[in-house]
Amino acid sequence: MKRSFKILAVSLIAAMSVTACSNNNTSTNAGNSSNSSNSGNSQNTTVDQADAGSAIDPFAKYDEPVVVSIGRSIDPNYKYEGDDTAEDNVYTRWLKDAYNIEVKHEWESSTSDYGQKVSLAIGSNDLPDAMLVDETQLRQMVKADQLADLTEVYEKYGTDRLKQIYESNEGLLEGVTFDGKLYALPETTLPSAPLTWIRKDWLDKLGLEEPKSLEDIEKIAKAFIDNKMGGDNTIGIVGTQQGGSLYSTFLSSSDHFLNFSPVFFAMDAYPGIWVEDENGNAQYGSTTEETKAAVSILRDWYAEGIIDKEIAIRKSSQEVISSGQTGIFFGPWWSAYNLTDSIKNDPEANWRPYAAPLNAAGEFNSNQATGSNFIVVKKSYEHPEAIIKMLNIHVNEKEESYKTAVGKEMTSQEIPLFLIMGHGDQLDYAVNTTQKVLTGEMSLEEVDKLNYGFTYELASHVKNVKLEPFDNYDIQYWDQETDKDFFTHIYAHLNGGSTFVNTKVNWTKSLATAQTKTMQSKWSNLKKLEDEVLLKIIMGTAPIEEFDSFVEKWKQQGGNEITEEVNALK
Amino acid sequence: MLNRSSYKHYFIMLLPGLVWLFFFNLLPMYGILMSFKDFNPGLGIFKSEWIGFANFEYMFQIDDSKRVFRNTIFIAVLKMIGNLIVPLVFALMLNEVKNRLFTRTVQTIVYLPHFLSWVIVAGIMLDIFSYNGPINQLLMNFGSEPMLFFANEKLFPWMVVLSDVWKEFGFAAIIFFAALTSINPEMYEAAAIDGASQFKRLLSITLPSVLPVAILLGTLSLGNILNAGFDQIFNLYNPAVYSTGDIIDTWVYRAGLLDMQYGLATAVGLLKSVVGLILISISYTLAYRFANYRIF
């Protein structure tokens, strides 16, 4: 489940992609992002090859077909056009016709099992030519010497556009360079902090104020339950479901969707990531006193019935939101993409995000997401440049043939080796520009279409969707019917995105972002210890004192050793 | 006298099974080497560095390994007992019902769950026993507090056993029904003439007749003592019940497939196989001694 959330998160953020998108055929949460097809300028290849220096044309069509075998995650609910499949669709056929790059699927798996399938491929050393992996898997593959060195082909074949994108996202390529060799092509992730999403229509009905502190949220949740806002079985705050975790960790940042990270952050606790103690030494956030205090709050909330009694057992927390049984959950700005069912079931469901709870000093804390996707190439693959070419094609404007052959927007389900690629400030730009175009401060022509294609799409549709007053994002001031496909995108960006980009976030980054040597043998045991004890304390089956003995045990069973290693990383 | 050639067709029939055994069970055996190595996928199993018993030492250091073995055996033994007694009692009871239509219908209904996968059954179970589910509604009518059956350490193993027995007893009962139909009806008639009550007939004729089958099934299931049911537990458990619900297979799954600790996971798996081998040998001996049944 964790993985599927990540994919969901990723595909949602994908909507932010630098390239254009005009969602026209799929359900709201699939994240229809993709490449611009509406470009008038199709002859830009000449511009892009300027940097290639020598005679190499990064877009040249191969004389002979080049086969790229990949491992692919498939969203089982995605509907392809006609008889198309993930392996054989308009995009892959065009790729074959226009560039002679033929994509073959070595294996496919559902999005939820993908990570496991990749681990299996790594473990058995039975790798496709290229695939998407996470950071731990990347490091494992580097260590096992399974990957092709991409330094040279990236220099030679990477277009200006591709390089610009990576340069605008500082430190991204350094993170995948080991001993001076580039081993992967990373995704450009967007920072995202968990906000508190609340049914504002319920708040208004009960005459409650917007929340600021943990106490405010507690009060609101209690009021929702006492007044049976969601029926007899109203759940105060819904969160972690079966297989999910209480907070995002340095190894799997599921982007904070539906967990309890904000409660920890408001107590200045950063469980699941590596932080500095007051002396500047590394320590594991889950073992701190702050975390203990936050756990104790969650424990009280659980006992009082404020948070979901079925935390960690519930099959789908999303369902509770959609059915209108709850009025509060925690999630990042793009959570609005997942609210369409809720709004459909109850047109009055006016979900609004709040940058809350704040800590005692009034700051809004968050950890910085570390998880990401990387394209890696098998060491023995003969055409690593084909992978660079595919990414070039993905981020640049397309040739003329794209319009006739494909002609519509493609998603991560059609485009093989799909990465979110965008400038570092894409979300800010998208939100602010869309707002300005809406109010007339800026004309559509002024939007930087070349670098922020998706923003251009949002801006050109925003007037169909948003009603006056333009600065009020309550659900009644939206037109959901006229431009259904774009409603979700714009609703997410303006309702969710605007709150996030206008909030000053106090970021904390993990000192370690992948497993160290000792972690490889001992982390699984320590993680289990942590998950089990914290959940038991919250659910009241273990006393709060158990936390201290957990810290002791954690340190003894390898935690001390690992802390040393993380210290050495700094 | 049978000559050798008359056995030939048996060997041919055996062949597919042997081929399967060779490729899927014997050939992958070299993977055991991983438990003695610092496995590096790039180098492969044979070229990875030898690290002796380090994986085993670590395995015995962590509390977990003891716990998962204890949980596995506890759950598996309860399941063995439950899956023997419940179908037996059920078969005996249904055998006393004379209405054919009724027995057939009941039989069909109770063995249906066997054909559902645990993914589905677990979902149903979690719903039925959920906080606002029907079971808790019922309990609340009697004035008790609602509880979370699948998040309670003490209840969890029992819930696992109960749901497994519920799912499987109908199917397991089929063998007992077969044994029951093979009892010579003349014995019942003779007993009736001698004035034995229905209950007496059950105790003195029916039960002794099916007992060998029960013993046989029981001893054979000993080999499964370390298989507590991955599919089932994986779909039902959560971190709150790790202490009583985590079994060897789920642990190996998390360590090996999720955390890529191949060596450690293999070591635990190997230990499971060794213990399993010993138990199968015991069950073989017991089956021979008590049920006079030889597998080979």
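Which helix of chain A holds both Lys200(A) and Asp204(A), and how many residues apart are they? Select the pair: both sit in helix H8 (residues 200-206) of chain A, four residues apart, or about one turn of the helix. Helices here are DSSP runs of H or I with at least four residues, strands are runs of E with at least two, and both are numbered from the N terminus.

Before going on, note that this is a predicted model, in which local features need pLDDT of at least 70 and side-chain atom pairs count only at pLDDT 80 or more, while totals for chains, interfaces and linings use all residues. Residues are numbered from 1 along each chain as its sequence is written, chains are lettered from A and ligands numbered from 1 in the order in which they are written, and side-chain values use heavy atoms, with hydrogens and water left out.

**Stop 1: salt bridges within chain A**

Stay on Lys200(A) and Asp204(A). Their side chains meet in a salt bridge, 3.8 Å from N to O. The term stands for a side-chain nitrogen of Lys or Arg within 4 Å of a carboxyl oxygen of Asp or Glu. Side chains of opposite charge can pair when their charged atoms come close. Lys200(A) is buried at 15% relative accessibility, whereas Asp204(A) is partly exposed at 47%. Buried means under 20% relative accessible area, exposed means over 50%, and partly exposed is in between, with a 1.4 Å probe and protein chains only.

Next select Lys378(A) and Asp129(A), which also form a salt bridge (3.8 Å, N to O). This pair links distant parts of the chain, 249 residues apart. Lys378(A) is in the loop between strand E14 (374-377) and helix H14 (384-395) of chain A, and Asp129(A) is in the loop between helix H4 (114-123) and strand E3 (130-133) of chain A. The lysine, Lys378(A), is partly exposed at 22%; Asp129(A) is buried at 10%.

Over all chains, the count is 30 salt bridges.

**Stop 2**

Move to helix H19 (residues 517-538) of chain A, where Glu532(A) and Lys536(A) are four residues apart, about one helical turn. Their side chains form a salt bridge at 3.5 Å, N to O. Both are buried: Glu532(A) has 5% relative accessibility and Lys536(A) has 10%.

Select Lys528(A), Glu532(A), Lys536(A), Asp64(B), Arg67(B), Glu153(B), Asp246(B) and Arg254(B) together to see a network of salt bridges.

**Stop 3: the interface of chain B and chain A**

Select the residues in contact (heavy atoms within 4.5 Å): 39 from chain B and 39 from chain A. The two chains bury about 3,200 Å² between them, 52% of it on carbon and sulfur atoms. Buried area is the accessible area (1.4 Å probe) that two parts lose on being put together, summed over both. On chain B, pick out Pro41(B), Tyr58(B) and Met260(B), which supply 18% of the area that chain B buries against chain A, more than any other three residues.

Four salt bridges lie between chain B and chain A. Twelve residue pairs are in polar contact across the interface, both residues at pLDDT 80 or more. A polar contact is a pair of N or O atoms within 3.5 Å; within protein, one must be able to donate a hydrogen and the other to accept it, and residues adjacent in sequence count only if both atoms are side-chain atoms.

**Stop 4: two single residues**

Select Trp351(A) in strand E12 (residues 351-354) of chain A. Trp351(A) is buried at 0% relative accessibility. Its side chain makes a polar contact of 2.9 Å with that of Ser342(A). Beyond four places in sequence, the residues that Trp351(A) touches include Trp197(A), Phe329(A) and Tyr491(A).

Finish at Ser48(B), in the loop between helix H2 (44-47) and strand E2 (49-50) of chain B. Is Ser48(B) buried or exposed? Ser48(B) is buried, with a relative accessible area of 3%. A polar atom of its side chain lies 2.9 Å from the backbone nitrogen of Asn40(B), and the side chain of Ser48(B) reaches the backbone oxygen of Gly44(B) at 2.8 Å.
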